[in-house]
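This briefing covers a sheet, a pair of helices and the core they share. The sequence and structure are shown first.

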Amino acid sequence: MRRVPVESSAVTSVGYDAATNELEIEFAGGGVYRYYGVPASRVEELLAAASIGRYVTEHIKPRYPYAGTD
C-alpha cells in the first residue's frame with residue numbers, strides 16, 4: 001500500500017485502500033499498523049485533524065481491528 005507523508009510528531013505516513021477499507025499508519029516511534037474496516041470518511045477526518053496522533057488514539061485505535069505489518 002502506498003503511504004503519503006503527513007505533518008505529525010506521532011505519525012510519519014498514512015495510506016488507504018478504498019477497495020478494502022484498510023488504513024495503514026506508520027508511526028514516528030517505529031512500526032507500521034494496518035487497520036481494517038475503516039470507512040473513507042474516517043480517513044478524511046484523520047487527514048484534516050488538527051492533531052493526527054490524537055485522532056488516531058481517540059478514533060482509530062479503539063474502534064478498528066489492526067495488525068502490525070512487516
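This is a predicted model: local features need pLDDT of at least 70, side-chain atom pairs count only at pLDDT 80 or more; totals for chains, interfaces and linings use all residues.

Residues are numbered from 1 along each chain as its sequence is written, and side-chain values use heavy atoms, with hydrogens and water left out.

**Sheet**

- An open sheet is formed by 5 strands in the order S1-S2-S3-S4-S5, with antiparallel pairing; strands (E, at least two residues) and helices (H or I, at least four residues) are DSSP runs numbered from the N terminus, and two strands pair if DSSP finds at least two bridges between them.
- Strand S1 (3-5) and strand S5 (66-68) are the edge strands, each pairing on one side only.
- On average, neighbouring strands of this sheet are turned by 25° against each other, direction ignored.
- S1 and S2 run antiparallel and are joined by 3 bridges; a hairpin connects S1 to S2 through 5 residues.
- S2 and S3 pair in the antiparallel sense over 6 bridges; their hairpin has 4 residues between the strands, and Asn 21 in the turn has a positive phi of about 60°.
- Val 14 in S2 is the bridge partner of Val 4, and Val 14 also stands opposite Ile 25 in S3.

**Helices**

- H1 packs on the sheet, touching S2 and S3, and its direction makes about 160° with that of S2; contact means heavy atoms within 4.5 Å.
- The axes of H1 and H2 come within 8 Å and cross at roughly 145°; axes are lines fitted to C-alpha atoms, for helices over the stretch in contact, and angles run from 0 to 180 degrees between N-to-C directions.
- From H1, Arg 42, Glu 45 and Leu 46 meet Ile 52, Tyr 55, Val 56, His 59 and Ile 60 of H2.
- The residues of this H1 and H2 contact divide into 5 nonpolar, 1 polar and 2 charged (Ala, Val, Leu, Ile, Met, Phe, Trp, Tyr, Cys and Pro count as nonpolar, Asp, Glu, Lys and Arg as charged, and the others, Gly among them, as polar).

**Core**

- The largest nonpolar core has 15 residues, and Val 11, Leu 23, Tyr 35, Val 56 and Ile 60 have the most contacts inside it; such a core is a set of buried Ala, Val, Leu, Ile, Met, Phe, Trp, Tyr and Cys residues joined through side-chain atoms within 4.5 Å.
- Two or more residues of this core come from each of strand S2 (11-17), strand S3 (22-27), helix H1 (40-48) and helix H2 (52-60).
- H2 gives the largest share, 4 residues.
- Beyond its neighbours within four places in sequence, Leu 23 is in contact with residues including Val 14, Tyr 35, Val 43, Leu 46 and Ile 60.

- Arg 42, in helix H1, is buried, with a relative accessible area of 18% (buried means under 20%, exposed over 50%, partly exposed in between, with a 1.4 Å probe and protein chains only).
- The side chain of Arg 42 makes polar contacts with the side chains of Tyr 55 (3.2 Å) and Tyr 64 (3.3 Å); a polar contact is a pair of N or O atoms within 3.5 Å, where within protein one must be able to donate a hydrogen and the other to accept it, and residues adjacent in sequence count only if both atoms are side-chain atoms.
- Gly 53, in helix H2, is buried at a relative accessible area of 15%.
- Leaving aside neighbours within four places in sequence, Gly 53 is in contact with Ser 8, Ala 10 and Val 11.
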